[in-house]
Amino acid sequence: MAIRSWFISVLGAPPESMTILRQSFCSNVEIRHFFCDLTEVLKLAFSDTLISTVVVCYVAIILGVFPLTGILFSYSQIFSSILRISSDRGKYKAFSTCGFQLLVVSFFYGTVLAIYLSSVAILPSRMSLMASVIYTMITPMLNPFIYSLRNRDIKVVLGRVFSKVLPLSERVDAHLS
């Protein structure tokens, strides 16, 4: 399965590379992004980018929508299995873990598809930068955090932190009213 995913992603790279090679650019170009994202590079092209935009959308659908459909199908199977669990505590524990994982998947695919399918609608560079940070940095950091939430000691520490922060916010709200 992992080799198949890698192979599909390798097949997606040449069409995107070919679209960039067809474009003409100014010699002094600065990309205001933290990595050379394809959609940001296409925004700087002087030549017509219609074909490039179509290729980017096509590759995004192939590499984004199809795997997302498979993931959502597998989660529907997981949820139907969870619903067959007889104890409420078991259902809650399973739903809490799967729910957070599904949230991370939603963050990742939502931002990736927004960036690569937004080349049609021209997403502002600042929004593209924030979305890129979410899918390249935030979502990979969330998985260890989610799995550590299953640890009782971590939950106790987070409860203490939030109990100190929450009264502070209530005092600020009361003071502002």
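Student: Which residues of helix α5 are buried?
Tutor: This is a predicted model, where local features need pLDDT of at least 70, side-chain atom pairs count only at pLDDT 80 or more, and totals for chains, interfaces and linings use all residues. Residues are numbered from 1 along each chain as its sequence is written, and side-chain values use heavy atoms, leaving out hydrogens and water. Helices are DSSP runs of H or I, at least four residues, numbered from the N terminus, and buried means under 20% relative accessible area with a 1.4 Å probe, protein chains only. On that basis, the buried set in α5 is Ser128, Ala131, Ser132, Tyr135, Thr139 and Ile146.

Student: What covers those buried residues of α5?
Tutor: Look for contact, meaning heavy atoms within 4.5 Å. The cover over the buried part of α5 includes α2 (38-43) and α4 (88-117).

Student: Where does α5 bend?
Tutor: Helix α5 runs over residues 125-148, 24 residues in total, and reaches 34 Å from its first C-alpha to its last. Compare axes fitted to the seven residues ending at a residue and the seven starting there; the angle between them is the bend. In α5 that's about 40°, with Pro140 following within four residues, and the spot is Ile138.

Student: How far apart are the C-alpha atoms of Phe79 and Lys91?
Tutor: Along the chain, Phe79 and Lys91 are 12 residues apart.

Methods:
Helix = DSSP H or I, 4+ residues; strand = E, 2+ residues; numbered from the N terminus. Expected span 1.5 Å × (residues − 1). Buried < 20%, exposed > 50% of the residue type's maximum accessible area, 1.4 Å probe, protein only.
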